[in-house]
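Trainee: I would like to learn how to read a few features of a fold. Please put the model up and take them one at a time.

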Amino acid sequence: MSAMEYQGPERRRGGPDRRDPEPMTKIMLVDDHALFRMGMRGLLEREPDFEIVGEADDSRSAIDLALETSPDIILMDLTLPPPGGIETTQRIKRELPATGIIVLAQNEEEDALFDAIKAGAAAFILKDVGPDDLVTIIRRVVAGE
């Protein structure tokens, strides 16, 4: 049998086609509150196309981990301890311009929103966002919106 004739393994009726797996979105979580990170991880791990590649609780470890894992998306706490979420976003975007950073904030401060977008954030959302909305926002940022 030549390679041209081979059609690959037979697909089982009704089963998923394993030859074209859905591409995974690599996500990194950055927040200084472990409980919040744990909640986000639990929520996002339910999505079959999301993979959590790491967690960081401060700026230095966030930068190091981002460079090590090259995530597609970073969920970044605005109020990280100094130097803070804005400066950490700037530093990561300088090194990894293709990474989409979504800044998470407790409240809607216009200056913080402007600073986050200026630093390179793709989106700015409040931490009380609904689970389905968070997943939608991540997918939209991955799509380049």
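Trainee: In what sense do S1 and S3 pair, and over how many bridges?

Mentor: Strands of a sheet pair through backbone hydrogen bonds, either parallel or antiparallel. Here S1 and S3 are parallel and share four bridges; two strands count as paired if DSSP finds at least two bridges between them. Strands (E, at least two residues) and helices (H or I, at least four) are DSSP runs, numbered from the N terminus. Within this pairing, Met 28 faces Ile 74 of S3.

Trainee: What kind of model is this, and how are its residues numbered?

Mentor: It is a predicted model, in which local features need pLDDT of at least 70 and side-chain atom pairs count only at pLDDT 80 or more, while totals for chains, interfaces and linings use all residues. Residues are numbered from 1 along each chain as its sequence is written, and side-chain values use heavy atoms, with hydrogens and water left out.

Trainee: How many bridges join S1 to S2?

Mentor: S1 is joined to S2 (residues 50–56) by six bridges, and the two run parallel. Ile 27 has Ile 52 as its bridge partner in S2. Between the two strands the chain passes through helix H1 (residues 34–44), and this β-α-β crossover is right-handed. Right-handed means that, with the strands pointing away from the viewer, the path from the first strand over the helix to the second runs clockwise.

Trainee: Is S1 enclosed or open?

Mentor: Burial is judged by relative accessible area: under 20% is buried, over 50% exposed, and anything in between partly exposed (1.4 Å probe, protein chains only). Five of the six residues of S1 (residues 25–30) are buried, so the strand is largely enclosed by the rest of the structure. For the protein, buried residues make up 39% of the 145 residues.

Trainee: In what order do the strands of the sheet stand?

Mentor: The order is S2-S1-S3-S4-S5, an open sheet of five strands with parallel pairing. S2 and S5 (123–126) are the edges; each has a single partner strand, so one side of each is left without a neighbour in the sheet. From one strand to the next, the twist averages 25°. Such angles run from 0 to 180 degrees between N-to-C directions, with axes fitted as lines to C-alpha atoms, for helices over the stretch in contact.

Trainee: Is Asp 77 buried or exposed?

Mentor: Asp 77 is in strand S3 (residues 73–77) and counts as buried because its relative accessibility is 1%. A polar contact is a pair of N or O atoms within 3.5 Å; within protein, one must be able to donate a hydrogen and the other to accept it, and residues adjacent in sequence count only if both atoms are side-chain atoms. By that test, the side chains of Asp 77 and Lys 127 are joined at 3.2 Å. A polar atom of the Asp 77 side chain also lies 3.2 Å from the backbone nitrogen of Thr 79. Leaving aside residues up to four places away in sequence, Asp 77 touches several others, including Val 30, Asp 31 and Leu 104.

Trainee: With which side chain does the side chain of Ser 59 make a polar contact?

Mentor: The partner is the side chain of Thr 88, at 2.6 Å. Ser 59 is in helix H2 and counts as buried at 4% relative accessibility.

Trainee: Where does the backbone need a second look?

Mentor: The peptide bond from Pro 82 to Pro 83 is cis, with omega near 15°, and Pro 83 lies in the loop between S3 and helix H3 (84–95). In the loop between helix H2 (59–69) and S3 sits Ser 70, whose phi is near 45°, a positive value in a residue other than glycine. Ser 70 is partly exposed, with a relative accessible area of 35%.

Conventions
Contact means heavy atoms within 4.5 Å.
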